[in-house]
Amino acid sequence: MNHRQRFLATMRYQPRDRAPLYDFSFWDETLPAWQPQGLPAHINRANARTWFGLDASLGGGEPPGWYTGIDAGLCPGFEQAILEDDGDVYTERQGDGVIVRRQRSSVSIPMHLGHTLVDRASWREHYLPRLDPDNPARYPADWDQRVRSWADPDRDHPLFAPGSSLFGRLRDWMGLENIAMAVYDDPAWFEQMVETMAELALGVLGRLFETGARVDAVTMWEDMCYSGGPLLSPAHFRKYLVPRYRRITDLCRKHGCEVVWVDCDGKIDALIPLWLEGGVNCMFPIEVGIWGADPLRYRAEYGRELLMMGGFSKRTLAAGPEAIDAEVARLAPLVEEGGFIPMPDHRVPPDVPLAHYIHYAHAARAVWGRGVNLEPMAARQHAAADAAADR
Amino acid sequence: MRGTDTLDALTAAIEHGRRDEAVALMRAAVAAGEPPRKMLDALAAGMADVGRRFSNEQAFIPEVLTAARAMKRSMAVLEPVLVDAGIRPEFTAVIGTVQGDLHDIGKNLVAMMWKGSNYAVVDLGTNVSPETFIEAAGDYGADVIGLSSLMTTTLPAMQRTVRALRCAGLKARIIVGGAPVTSSFARRIGADGYAKDAAAVVRETRRLMPAG
């Protein structure tokens, strides 16, 4: 089976040679932190999958052609600039217009200091013109060549297309406090912004589907939950978001795309049924967190309607081989059943030792991968262990 | 409207984030000469109610933020009355996100909930060193110190901060919280208390300082 056949068979609960073996890439600090532990210096996020013996490292480390290359965000972006530099900590205006404080010694999520999007006037002036789905700059220059590949029924890799974001990007652009107030103070404006985001997704996807592209999954990004639950009440979610998700997912289904996944960290429990109601049928990356998200529990609760990707806790990766083996074995029946692609529940952080990650990749290939290509992994594991011992 | 009705309505207006109504009711209560302590309690009750619903996933961050805004505007009306009556904040709290961590939403929510319970809050911001926590706690005579962290990678900084505060011999109680923080981690690093969310922090503060 090729990557595409394996992905589709998994999402359709059909027989396949083995489960897809993906991960969710790494924090920027992780690979450098692993070099003294034995990782060769030439390994980066783009090529790490081959060294670890995985099929794909989602978010920049997959083989070529898995994503369309269409820009479904702000187009053009704002001009990026460093506004203040205090050495380790600096202030930057990002491409999305948000002013953030970052730390050079730690590539964590930055702190939002200020926003370009603050009211109706700034929305009209700075954001609406950047959300035009017909802007040609959104689409790759080699469009015709890509279209031929996208329409090829014998393509060997899956194709993932951008479904944009209905709330998450707006939250980023405005800040949580501002958008929370907008929901109450100016609901008509809030709805207008959400509608614009939906129109962007529909416009971009419509243009893609018109080409005859065989899209295997549409990806949405929201990140609208934290450790306690959603950042927006389920009532508001149902009122403003669900009908628009439905329009987007109806378009996808009309053109044969069965999988629409949403990337959302945090405790998503309260939103899963609402996403399903809107036709968003795949949750990613199922962050386990201290709230204990569990793909097995979700399958028991929602049945086969709910597809899942992720669900392997980064804390388990940090805990060590015994915990990793136990979790790989615990998830194995669900992996076998299908509708689930197990992978780390976020980018792998630097507090996970390289030896643990090698052990994880080895166990994933042995159990979920039904023993595929184990020898190179074993050799790498021993080489890394030897290198670490030499130090 | 009778005094108790006004104050009950004020509590409900705070809980549901109706700021204009809350301010009008507060003005009416002040004009009617309601006891300052009762008016303060009515505000705190509104924040406590929304906090309870937040903990039970019946209210969410927008609802807490709008309630806090209504409370803040109403408090501005009440403050001169409290000063005249000699009513001071119940406790002084110092709060910050630990060193290496730039996140502030959770910390800001906790600060709002404390303010809503009539605590004086000194917000040190994000990426706060142990030394800054020690200095501020001493300068402001903190009764309670709140440490927040979002990232698993900054949990060691939380541990270092608790250790430094202990070594400095401060009397203040230490409460920790944040996405990766658990009660067992809080115990292990020697914190006095743990709050799983912003609403729980008020209950935890009361548990640690029942005389308040």
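This is a predicted model: local features need pLDDT of at least 70, side-chain atom pairs count only at pLDDT 80 or more; totals for chains, interfaces and linings use all residues.
Let us begin with chain A as a whole. Chain A contains 15 helices and 14 strands. Its radius of gyration is 21 Å, close to the 21 Å that the globule rule gives for 391 residues, so chain A is as compact as a globular protein of that length. If you follow the C-alpha trace along its principal axes, chain A spans about 60 × 55 × 45 Å. Of the 391 residues in chain A, 45% are buried. The chain also folds back on itself: among contacts between residues at least 6 apart in sequence, 71% join residues at least 24 apart.

Now turn to chain B. Here the secondary structure comes to nine helices and five strands. Reading from the N terminus, the elements run α-α-α-α-β-α-β-α-β-α-β-α-β-α. With 212 residues, a compact globule would have a radius of gyration near 17 Å, and chain B agrees, with 17 Å. The C-alpha trace of chain B spans about 55 × 35 × 25 Å along its principal axes. Buried residues make up 54% of the 212 residues in this chain. Among contacts in chain B between residues at least 6 apart in sequence, 74% join residues at least 24 apart.

Which residues of α1(B) are buried? They are B:Thr6, B:Leu7, B:Leu10, B:Thr11, B:Ala13, B:Ile14 and B:Glu15. The cover over these buried residues includes three other helices of chain B, namely α2 (19-31), α3 (36-55) and α4 (61-85). Just after α1(B), B:Gly17 takes a positive phi of about 70°.

Back in chain A, you can see how two helices pack. Helix α8 (residues 187-210) and helix α9 (residues 234-254) of chain A pack at an angle of about 5°, with their axes 10 Å apart. Because angles under 35 degrees count as roughly parallel, α8(A) is roughly parallel to α9(A). On the α8(A) side, the residues that meet α9(A) include A:Phe190, A:Val194, A:Ala198 and A:Leu205. On the α9(A) side, they include A:Tyr240, A:Leu241, A:Ile248 and A:Leu251. The residues of this contact divide into eleven nonpolar, one polar and four charged.

You will find A:Val260 in strand β11 (residues 259-263) of chain A. Is A:Val260 buried or exposed? A residue counts as buried if 20 or more other C-beta atoms lie within 10 Å of its own. A:Val260 has 25 other C-beta atoms within 10 Å, so A:Val260 is buried. Leaving aside neighbours within four places in sequence, A:Val260 is in contact with residues including A:Gly163, A:Ala217, A:Met220, A:Cys252 and A:Val280.

Some backbone details also deserve a look. The peptide bond from A:Cys75 to A:Pro76 is cis, with omega near 0°, and A:Pro76 is found in the loop between β2 (56-57) and β3 (81-86) of chain A. Another cis peptide bond joins A:Phe284 and A:Pro285, with omega about 5°. A:Pro285 lies in the loop between β12 (282-284) and α11 (295-302) of chain A.

One is A:Tyr13, with a phi of about 60°, in the loop between α1 (3-11) and β1 (22-23) of chain A. A:Tyr13 counts as partly exposed because it has 13 C-beta neighbours inside 10 Å. Another is A:Ser164, with phi near 65°, in the loop between β7 (160-162) and α6 (168-174) of chain A. A:Ser164 has 24 other C-beta atoms within 10 Å, so A:Ser164 is buried.

Finally, let us bring the two chains together. Across their interface, 28 residues of chain A are in contact with 23 residues of chain B. On the side of chain A that touches chain B, the elements that give two or more residues are β5 (99-103), β6 (106-114), α7 (176-185) and β10 (229-230) of chain A. Of these, α7(A) gives the most, with six residues. The residues on this side of chain A divide into 17 nonpolar, eight polar and three charged.

Notes
Residues are numbered from 1 along each chain as its sequence is written. Chains are lettered from A and ligands numbered from 1 in the order in which they are written. A residue is buried if 20 or more other C-beta atoms lie within 10 Å of its own, exposed if 12 or fewer, and partly exposed in between; C-beta atoms are placed from the backbone. Helices (H or I, at least four residues) and strands (E, at least two) are DSSP runs, numbered from the N terminus. Two residues are in contact if their C-beta atoms, placed from the backbone, lie within 7 Å. Axes are lines fitted to C-alpha atoms, for helices over the stretch in contact, and angles run from 0 to 180 degrees between N-to-C directions. Angles under 35 degrees count as roughly parallel, over 145 as roughly antiparallel, 65 to 115 as roughly perpendicular and the rest as oblique. Ala, Val, Leu, Ile, Met, Phe, Trp, Tyr, Cys and Pro count as nonpolar, Asp, Glu, Lys and Arg as charged, and the others, Gly among them, as polar. The radius of gyration is taken over C-alpha atoms; the globule rule is 2.2 Å times the number of residues to the power 0.38.
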